[in-house]
Amino acid sequence: MAPGASGVTEAGPAAATAAVVPALRLVGGTKSYDRGHRRIPVFADVDLELRLGEIVALLGPSGSGKSTLLRTLAGLEPLDRGSIAVDHAGRGAHLVGIAFQEPSLLPWLTVAENVALGLRFGANRRIAPGRDAGTVAALLEELGLADLADARPSQLSGGQAQRVNVARVVLTGRPILLLDEPFAALDPATRADLQGWLARLVRAHGLATLLVTHDVDEAIALGDRIVLLAGRPGRIRHRWIVGNRAAAGTLRREILAAYRADDPSAAAGPVAAAPVTAVAPASLDSSS
Ligand code: ADP
Ligand code: MG
């Protein structure tokens, strides 16, 4: 978990990291909400594994249950059925950090102060209240945010605010990172910058990351694995392993076809287990 310890470069596939350790395992995750007298199923029978140093991109149409799935993985809401195992000495949901599309920074605090606040409540409580501003400065430097340390949230661009938002979660030291469409509101150039930044961050810190995105290209650019959640309730319809980003064109067409085929209005009844498609097998790791 030490920053930079893995020494893996941005483009390095998960196979190059020492760790393909399962950090979080969801088995048979099923969730519904009560609405009036009705029970509304949100997602059903979801199996998902997150591994340290790896990004899983979660794609799916609006309403397929992606945000709800993230909240249950973060321990913010209970499942109806299924189990979530977090593989770190019983510290459970405290090991899971979550960041949303809207940066939730406190407007009256500077960037450094916002980050420091996160650290006080982090899994490893890296700093005590009001102490060790040097630690915060060093961490901001490491994440390329040193220039922003004294800025207030209102002075940040959308991209800068989202960088701080994600950094704040990463710096709590929690090894499992859940991101709910973090870059959806950004312009394409800023989005591309942040994607590169996130990829480096995840590799350097060895984080097990689940990235919800609507953007197929973002899923291919960042995901080591991609899962497609679709239907009502949302079920995992497809899984891909991204072995070689050079084959992205083919994979993109395949994902888009699956996306369209899994239009919730067309989906009815149970589906077979999601197929796993490996792209460019020559460069795959041993995972499945
Ligand atoms: P996604 O993030 O994939 O767009 P959500 O997880 O936000 O999907 O929502 C999935 C379904 O669950 C939607 O039909 C939504 O209306 C419903 N839902 C989400 N949160 C609640 C809630 N707190 N109470 C009742 N229904 C909810
Ligand atoms: Mg959502």
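Student: Arg-235: buried, partly exposed or exposed?
Tutor: Partly exposed, at 23% relative accessibility. Keep in mind that this is a predicted model.

Student: Which side chain does Arg-235 meet in a salt bridge?
Tutor: Asp-45. The N to O distance is 2.8 Å.

Student: How accessible is Asp-45?
Tutor: Its relative accessibility is 42%. That counts as partly exposed.

Student: Let's move on. How many salt bridges turn up in the whole structure?
Tutor: A search finds 14.

Student: Which residues are linked in a network of them?
Tutor: Arg-25, Glu-49, Arg-51, Glu-54 and Arg-225.

Student: What about Lys-31, which residue does it pair with?
Tutor: Glu-77. The closest N and O atoms are 3.5 Å apart.

Student: Why does that pair tie separate parts together?
Tutor: Because Lys-31 lies in strand E1, residues 22-35, while Glu-77 lies in the loop between helix H1 (66-73) and strand E4 (81-86). The two parts are 46 residues apart in sequence.

Student: Is Lys-31 buried or exposed?
Tutor: Buried, with 6% relative accessibility. The cut-off for buried is under 20%.

Student: And Glu-77, buried or exposed?
Tutor: Glu-77 counts as buried too, at 18%.

Student: Which residue forms a salt bridge with Arg-39?
Tutor: Asp-80. Their closest N and O atoms are 3.6 Å apart. Arg-39 belongs to strand E2 (residues 38-51), and Asp-80 to the loop between H1 and E4. That pair links distant parts of the chain, 41 residues apart.

Student: How accessible are those two?
Tutor: Arg-39 has 46% relative accessibility and counts as partly exposed. Asp-80 has 35% and also counts as partly exposed.

Student: Zooming out. How many helices and strands are there?
Tutor: Seven helices and ten strands.

Student: How much of the protein is buried?
Tutor: Of its 288 residues, 50% are buried.

Student: Last one. What is the accessible surface?
Tutor: About 12,800 Å². Carbon and sulfur atoms account for 54% of that.

Methods. Residues are numbered from 1 along each chain as its sequence is written. Chains are lettered from A and ligands numbered from 1 in the order in which they are written. This is a predicted model: local features need pLDDT of at least 70, side-chain atom pairs count only at pLDDT 80 or more; totals for chains, interfaces and linings use all residues. Side-chain values use heavy atoms; hydrogens and water are left out. Helices (H or I, at least four residues) and strands (E, at least two) are DSSP runs, numbered from the N terminus. Buried means under 20% relative accessible area, exposed over 50%, partly exposed in between (1.4 Å probe, protein chains only). Accessible areas come from the Shrake-Rupley method with a 1.4 Å probe; for residues, only the protein chains shown count as cover. A salt bridge is a side-chain nitrogen of Lys or Arg within 4 Å of a carboxyl oxygen of Asp or Glu.
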